[in-house]
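Visitor: I would like to learn how to read a few features of a model. Please take them one at a time.

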There are 2 protein chains.
Amino acid sequence: MIDGLEILPVRGIGDVVAGDDLAELITTAAPWLADGDVLVVTSKIVSKAEGRLVEVPADGPERDAARAAALESETARVVARRGPTTIVQTHHGFVMAAAGIDASNVDKTHLVLLPADPDASARHLRDALRERGLDVGVIVSDTMGRAWRNGLTDVALGAAGIEPFRDHRGETDPYGNQLEITQMAVIDELAAAGELVKGKIDAVPVAVVRGYPRTGIRDAEGARVLLREAATDMFSLGTTEARAAGLRDAAQLPDGPKAALPGNPVDPAAVERALTAVDFAHATVLQPAEAIAGSGATAALHLSTRDASPAGWMRLGADAHRLRAALAAEGVITLSLPHEDGIRLDLSGA
Amino acid sequence: MIDGLEILPVRGIGDVVAGDDLAELITTAAPWLADGDVLVVTSKIVSKAEGRLVEVPADGPERDAARAAALESETARVVARRGPTTIVQTHHGFVMAAAGIDASNVDKTHLVLLPADPDASARHLRDALRERGLDVGVIVSDTMGRAWRNGLTDVALGAAGIEPFRDHRGETDPYGNQLEITQMAVIDELAAAGELVKGKIDAVPVAVVRGYPRTGIRDAEGARVLLREAATDMFSLGTTEARAAGLRDAAQLPDGPKAALPGNPVDPAAVERALTAVDFAHATVLQPAEAIAGSGATAALHLSTRDASPAGWMRLGADAHRLRAALAAEGVITLSLPHEDGIRLDLSGA
């Protein structure tokens with residue numbers, strides 16, 4: 001039960017430079033800070049205090065080159081590109097346009113990088129404030145774009161002294177339903193709430209959320225737990241990039257009989273869809289008994305042509321590869337076995 | 001300049017049923033509402049008041065079937081699937097798991113659908129409150145997952161009486177830099193802030209944000225402007241789905257000479273990467289002059305084999321199609337022209 005929250009701007013922090021003591025700056029600007037408050041600190045001033053700046057020429061192609069070099073060094077992998085926009089996953093694991101590198105609110109000869117370890121930055125600031133007798137939560141925030149929705153919102157890059165999630169697992173609603181929604185990313189919501197009283201050029205780099213119950217004030221997980229790993233992310237690549245990866249998959253379908261098939265059942269409807277997709281007329285479905293001999297196949301197709309010329313055979317080869325790609329799109333793994341009468345495709349479920 | 005915000009829970013609204021007057025329920029529960037407040041209203045109670053429920057069996061396979069039917073009717077297109085999770089774009093344009101259909105906080109024989117037009121719902125509630133002499137902004141909110149980040153946050157499905165974006169375009173920071181960040185999705189941030197004082201089972205379906213300056217109190221755009229259209233969304237499909245689309249693209253590369261090539265220049269490095277990717281040994285790069293004759297090609301490759309048997313020709317046909325897929329992955333469009341001596345691929349930039 002929450003009685004209500006206050007979101008308060010912290011004004012008068014002024015320009016932050018490398019080596020500045022943020023705890024000193026913040027407590028001076030906000031002597032009203034109290035135990036239990038949650039500080040939402042714009043990552044920009046954390047980066048500046050930590051000296052996470054790179055020197056760049058003020059303009060010209062040299063500036064563009066230096067900026068590209070900074071982006072490359074901050075990038076773990078490229079997620080998507082379109083026109084001048086590059087969305088990357090940083091070494092921290094954040095998926096952000098331009099790796100979060102920013103040229104605003106800094107002089108023209110510097111770029112600001114993200115803090116090297118925003119959770120550590122949050123812990124250090126929280127510890128420094130504890131030494132001053134204040135027990136507060138700290139969120140290091142930044143502005144990010146999202147898939148599917150226009151506009152930007154602030155989210156948490158780092159956190160200390162506050163639980164990242166509010167977990168509803170195991171709760172039951174008044175109707176006796178177990179809740180399907182489990183984990184609310186509350187530090188992202190707190191970062192968003194803080195942004196509402198900040199501003200991009202108002203020199204309000206810190207907001208305070210007062211009244212939010214911090215259930216876990218031990219320094220546990222940090223904001224790192226909000227990062228979804230690429231392997232489990234359903235949107236780990238841009239659509240164009242993933243589609244190109246599918247084309248590369250098609251270029252590199254393994255040639256038989258080197259690879260063994262896994263021997264899983266094949267959905268006949270999937271085969272039908274693939275045959276329809278490539279408009280393949282001269283395919284004969286072989287009996288499973290014939291198919292299984294010699295590999296892990298659980299189905300097989302025999303492909304033939306009526307044009308027994310070099311051009312005819314080449315077309316059959318190309319069409320067979322089209323069919324293999326269409327089957328792969330349906331989750332069917334194939335091996336191609338060309339012989340003097342045509343091509344036999346051995347099939348298996350993935 | 002904002003002096004600070006208050007986020008206040010509205011308690012005691014109780015169960016909402018079809019036909020309920022939300023303006024009446026909210027003003028009774030929160031007689032302290034004031035001009036300038038922004039109401040964040042959970043879409044669930046809007047749906048219930050509007051009767052956006054479907055009757056379903058309480059359990060068993062019939063319930064699953066009814067739920068699947070409801071999902072299908074709410075779905076404009078499937079964005080991604082993994083295991084039991086289906087992420088779709090709804091007819092409104094929202095990208096949400098299970099089309100936002102929810103079985104919580106409702107009896108076991110009903111599912112709650114999203115409001116049919118959440119912007120209209122927000123406008124109607126705002127208008128009803130104006131008739132009671134209150135000038136407030138209204139946001140209809142719901143909980144959504146995100147790409148790349150674990151945990152859920154609340155966002156705005158509908159809005160009235162509040163500008164969806166805060167736009168920084170044209171602003172200049174104290175260093176003279178034009179701001180690169182343009183549009184903050186403030187109604188999403190307000191929805192997130194509201195969620196912090198609500199709760200999933202606490203019967204707090206409404207939060208009030210007090211102190212946020214509503215610059216645009218005309219009913220302009222609504223939350224609809226936050227929806228990114230699939231055509232301009234870099235993440236319009238799940239990675240697995242887009243990769244399968246790439247495989248289907250490979251299956252359906254157009255056969256020449258039906259289609260004309262656009263005649264754009266080809267990057268020689270892209271051709272080199274494609275040849276390397278498919279380990280293609282017997283390709284000869286033709287001179288542009290030869291290539292251009294007969295189509296919109298700006299480059300061409302001649303592919304040959306040393307094995308002049310049916311199996312050899314079929315392998316050449318398949319390998320040529322692999323190469324076409326690899327070239328397509330690099331953005332190079334091809335036409336395939338098999339003849340008695342091998343295959344000529346005509347190339348053009350996209």
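**Reading the model**

Guide: Chain A is divided into domain 1 (6–238) and domain 2 (253–349), with bounds from an automatic or database domain assignment. Taken over C-alpha atoms, the centres of domain 1 of chain A and domain 2 of chain A are 51 Å apart.

Visitor: Which conventions apply?

Guide: This is a predicted model, in which local features need pLDDT of at least 70 and side-chain atom pairs count only at pLDDT 80 or more, while totals for chains, interfaces and linings use all residues. Residues are numbered from 1 along each chain as its sequence is written, chains are lettered from A and ligands numbered from 1 in the order in which they are written, and side-chain values use heavy atoms, leaving out hydrogens and water.

Visitor: How many aromatic pairs does the structure hold over all chains?

Guide: A pair of aromatic rings is described by the distance of the centres and the angle of the planes. Rings of Phe, Tyr and Trp (its six-membered ring) pair if their centres lie within 6.5 Å; planes under 30 degrees apart count as stacked, over 60 as edge-to-face and the rest as tilted. Over all chains there are two such pairs. The ring centres of A:Trp148 and A:Phe235 lie 4.8 Å apart with planes at 75°, so this pair is edge-to-face. A:Trp148 sits in the loop between β8 (137–144) and β9 (153–160) of chain A, and A:Phe235 in the loop between β12 (206–210) and α6 (239–251) of chain A, 87 residues apart. Helices (H or I, at least four residues) and strands (E, at least two) are DSSP runs, numbered from the N terminus.

Visitor: Is A:Trp148 buried or exposed?

Guide: Buried means under 20% relative accessible area, exposed over 50%, partly exposed in between (1.4 Å probe, protein chains only). A:Trp148 is buried at 8%, and A:Phe235 is buried at 2%. In chain B, the rings of B:Trp148 and B:Phe235 have centres 4.8 Å apart and planes at 80°, so that pair is edge-to-face.

Visitor: What is the strand order in the open sheet of chain A?

Guide: Strands of a sheet pair through backbone hydrogen bonds, either parallel or antiparallel. Two strands pair if DSSP finds at least two bridges between them. Here three strands of chain A take the order β4-β5-β6, with antiparallel pairing. β4 (75–82) and β6 (95–97) of chain A are at the edges, each with a single partner strand, so one side of each has no neighbour in the sheet. Six bridges join β4(A) to β5 (residues 85–90) of chain A; A:Arg77 has A:Gln89 in β5(A) as its bridge partner.
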